[in-house]
Each structure stands twice: as C-alpha cells, then as structure tokens.
Amino acid sequence: MPLTLPLPREFSPLPQPKASKAMIRVLIADDHNVFVEGIESLISGSANIQVTERCYTSASVLERLETTAVDVVLLDISFPQIEDGLSLCEAITRQYPACQVIALTMHDDASLIKRVVKKGARGYLLKNTTKLELLEAIERVYQGKQYFNDTITQILLTNGKTRKAGNVRLNLTPRESEVLALIAQGLTTQQMATQLFVSVKAVEFHRSSLLLKFDVPNTALLIKTAMEMQYID
C-alpha cells in the first residue's frame, strides 16, 4: 500500500483527480544546467508530459509561474540552500495551489522529507531516480496524489522505528563531523572554509545539512543538541 504522509490543514484536502491523458506541463527548477538537461531528456519521450520551463534561480521560478501555466514543478530542494528551497516550495504551493511540487534532490534524510511535505510538496525523489519512477511521480501528483517510491518509504519507516526505540544515531559524514566540531569551537564560515581547504559555499552546505539532520533551526540549538547527543564535548 502506498505511503501517505499527513499534510498541514492549509494544504488539504487533496485536489480532485485530473484526467491523466492531458498534456502535463512541467517546470524544472535546479541551478545545475547539466542536470536540468538530463531530466528533460528523460521526459522528452513521454506522450503526455512536456518540459515547458527551465529555471536556474528561485526568483525566476516565481516569475515564470506568474505568467505561464505549469502543472508540476520538479524542485531541487537545495536551491541554492536547503532553507531557500523549502521557502520556495512553500511559496509555490501557497501562491499557485493548482501547481504540484515534487522535490528532486540528493538528500535522503527522513526529517527533510517530512519538512518538504509540510511545505506542501506532493512527492519526493532522489536524483538517482529512474525514468519510470520520474514519469510515474509526475502523473501521480498531477492527479492530486502523493508519490514516494520504495526507497523513500523505507527511509521514513526506518526513521520512525528508530525514534520509537529511543536509539537515534545520526548518520553524519566525515566532513559534517569536522564542520560540527569547528562550529562548536566558534569559528566563522570563512575560517572553517580556510581550515578545511573548501569553499564558503561548501561549508554553508554542510551547515545546512547539519541543521537538517539534528532538526534544529539555528546554530545555537545545533551545538546544544549535538552536546546532549554526545556528538561534541
């Protein structure tokens, strides 16, 4: 049985099903040109799904939606940062309720999936998705349904069982652990970038990922929670 997540009251009830044979107009929102082209090539052979818009900035997404009819938005939730992508998802679903959002991302974190759904997205796919899954997801959300493939469903179910067991351990990458330790030391983003020999944007990405995994809104609570969970001293 497909997994269905509860939606906030302002996003319910689900829209009435539409005829699946109508031409479904898709907007791809991602700041990587090569990825956009790849997704468009996957969709190009479909008889009733067409990519009509391509947007590489969050501002351009809302500008296009003002003037162009779009049925489904494929949204990279890290656009360019996770919090920006979540805000954009919420803006789309509030301002254009007839337009359905599918998060298309590389993040496989259960807490992010739940946050995306709370912002109004109807589906969630990883960027390694197959053509068949992508087309099915577009069809499903266009009809007013939710779409989570087996991978996403398993992530959500496993996360729920782990939390009930009271044995939550977060899967931090080595770089995330390094950034967390430096945050606890009080270093600035620029200082961390210099010490780790990476870009400022890379540090900001890992910081956003840490906030997401610890499910906290700011750095102060990140440090507090990480200490309580004994990730840092």
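In the predicted model, Arg-169 is in contact with Met-229 and Tyr-231 when its neighbours within four places in sequence are left aside. Arg-169 itself belongs to the loop that lies between helix 6 (150–165) and helix 7 (174–184). Although Arg-169 and Tyr-231 are 62 residues apart along the chain, their C-alpha atoms are separated by 9.6 Å.

A second set of contacts involves two helices. Two packed helices are described by the angle between their axes and the distance between the axes. The axes of helix 8 (residues 189–196) and helix 9 (residues 200–214) cross at roughly 110 degrees and come within 8 Å. Helix 8 is therefore roughly perpendicular to helix 9. On the side of helix 8, the contact is made by Thr-189, Gln-190, Met-192 and Ala-193; helix 9 contributes Val-200, Val-203, Glu-204 and Arg-207. Sorted by class, this contact of helix 8 with helix 9 has four nonpolar, two polar and two charged residues.

The cysteines were examined next. A disulfide is a covalent bond between the sulfur atoms of two cysteines. A search of the whole structure finds zero disulfides. Cys-89 is in no disulfide, and the nearest cysteine sulfur, that of Cys-99, is 10.0 Å away. For Cys-99, the closest cysteine sulfur is in Cys-89, and the distance of 10.0 Å is too far for a bond, because the two sulfur atoms of a disulfide must lie within 2.5 Å. Cys-89 is buried, with a relative accessible area of 0%, and Cys-99 is also buried, with a relative accessible area of 4%.

Methods:
Residues numbered from 1 in each chain as written. Predicted model: local features only at pLDDT ≥ 70, side-chain atom pairs only at ≥ 80, totals over all residues. Heavy atoms only, no water. Buried < 20%, exposed > 50% of the residue type's maximum accessible area, 1.4 Å probe, protein only. Axes fitted to C-alpha atoms, helices over the stretch in contact; angles between N-to-C directions. Helix = DSSP H or I, 4+ residues; strand = E, 2+ residues; numbered from the N terminus. Parallel < 35°, antiparallel > 145°, perpendicular 65-115°, else oblique. Contact = heavy atoms within 4.5 Å. Nonpolar A, V, L, I, M, F, W, Y, C, P; charged D, E, K, R; others polar.
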